[in-house]
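The entries follow in the order in which I made them.

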Amino acid sequence: MTTVSIQPSGVSPADVLAVARGSAKVVLDPAAVEAMAASRSIVDGIEAAGRPVYGVSTGFGALANTFVAPERRAELQHALIRSHAAGVGAPMPREVVRAMMLLRVRSLAMGRSGVRPLVAEALVDLLNHDITPWVPEHGSLGASGDLAPLAHCAVVLLGEGWVLGPAGERVDAAGALRQAGLAPIALAAKEGLALINGTDGMLGMLLLALHDAAHLFTMADVTAALAIEAMLGSERPFLPELHAIRPHPGQAASAANIHRLLQDSRVMDSHRDDLAHAVQDAYSMRCAPQVAGAARDTLEFAATVAGRELLSVVDNPVVLPDGRVESTGNFHGAPLGFAADYLAIAAAEVGAIAERRVDRLLDVTRSRDLPAFLSPDAGVNSGLMIAQYTAAGIVAENRRLAAPASVDSLPTSGMQEDHVSMGWAATKKLRTVLDNLTSVLAVELLAAVRGLQLRAPLTPSPAGRAAVEALGGAAGEPGPDVFLAPLMETAREVLRGPGLRAAIERQIGPLS
């Protein structure tokens, strides 16, 4: 178990993963507590002076010019949370909600939100007691950040709303707090707004997606190399000097991976000097690093955007050290929405080119002497025919999901919020695209393993041997048709997990 310390300077992507997906405990660094206390003293001074300041002594959004009497300002903050917790639909996954709460603590701890330390401490208590608010999937436009999702988190601090039960069921928050020995908190001026005015949901989903995409893009090189090997493809298009003359870093990294993965293979040796062998492989084979490499460069761009957001104070208004309280637009999720949409396009194409290789592996006219649909007895048996259907259907869905969400603004709040980012939708569908990509690459892994098995007695590369071993227990030897769905699920788990990559790297060294 690790501990993540929240500093005034923020947190790292690794910290977010440790809390969202692991069991890391969260603590507030004394410097963060001090920063929050200092900004709160400024808000208290504004209240004492009776100055009208948005979110402190006025209403919100289209009601920004409505003055609120001092005796009703705490009521205002509570009403804000209750009214904005208006989401509908299935609950968001635990990891997303935990990432979102940690990132809201991170922003508050920077000392620009004017909240008392106890507000951040209350969110930390939820994390450390594994209390996960029930956050519906629909409600955020990425406008003033993720208002509705964050409100569903904040309402739990008031002893209201719902949390996820042990089996994913909906449980009243009040009972969950009592069982954990926690008490509801009462909000003061500005604090309700500070709890919900941020990009934390979309940033959390983007950070989780970046981690997943990095693994999947490396595994796409693995499945591509295995498929190329099984189809008796050439390794020459992946020579480093051919990629040095087009210096896209992702392309060079992907090509280097594929070239190394194809070494020490008797399958590759069998046709290396065969003059009758194809002069050029199909694009889906030869151009694998151009597509997967471009996706890597897109991933790097998205990671840069997420890194900047991790350093950002995302709230409105913000409390400046010189005592000013200024309205900002920093809650707008456009940077994150654009990055997520861009990465979804790239990930969809990584899956699309993988499906084309699967189709070649199964086509007796293009697979270089492999049996039709990778079945030794095609006709009575259909082999992996319908597995390719599944991959094709998923690719089609990913193409629909690759349509950008961030261009689809709808005005809200009486035209006060007249341009919204749709960043929540962009990051949510990115996660779906990556989950779909996992399934497509799993089909390619299964088809490539079958193809390599059918090249026996030629022995494959170390990567090929590791893949055959990883799937061997479930896949068995090529033969009569079997119930395919469990085997595809196994391939998916092997592809998604760390084991196959680790086994390959033990043989050939680290992959990029």
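I looked up D359 and found it buried, at 17% relative accessibility, where buried means under 20% relative accessible area, exposed over 50% and partly exposed in between, with a 1.4 Å probe and protein chains only. Its partner R366 is partly exposed at 27%, and the closest N and O atoms of the two are 2.5 Å apart in a salt bridge, which is a side-chain nitrogen of Lys or Arg within 4 Å of a carboxyl oxygen of Asp or Glu. I then noted that E355, R356, D359, D363 and R366 are linked in a network of salt bridges.

I must keep in mind that this is a predicted model, in which local features need pLDDT of at least 70 and side-chain atom pairs count only at pLDDT 80 or more, while totals for chains, interfaces and linings use all residues. Residues are numbered from 1 along each chain as its sequence is written, and side-chain values use heavy atoms, with hydrogens and water left out.

Next I looked up R368, which forms a salt bridge with D281 at 3.0 Å, N to O. R368 lies in the loop between α15 (334–362) and α16 (385–401) and D281 in the loop between α12 (266–269) and α13 (283–286), so the pair ties together parts that are 87 residues apart in sequence; helices here are DSSP runs (H or I, at least four residues), as are strands (E, at least two), numbered from the N terminus. R368 is partly exposed at 22%, whereas D281 is buried at 5%.

I also checked how many salt bridges the structure holds, and the count is 29.

For the domains, I took the assignment of domain 1 (3–197) and domain 2 (206–508), whose bounds come from an automatic or database domain assignment. Their centres, taken over C-alpha atoms, are separated by 36 Å. In contact (heavy atoms within 4.5 Å) are 47 residues of domain 1 and 34 residues of domain 2.

I recorded a buried area of about 3,200 Å² between the domains, 62% of it from carbon and sulfur atoms; buried area is the accessible area (1.4 Å probe) that two parts lose on being put together, summed over both.

Across this interface I found four salt bridges by the rule. Separately, I noted a salt bridge between K190 and D315, with the closest N and O atoms 3.1 Å apart.
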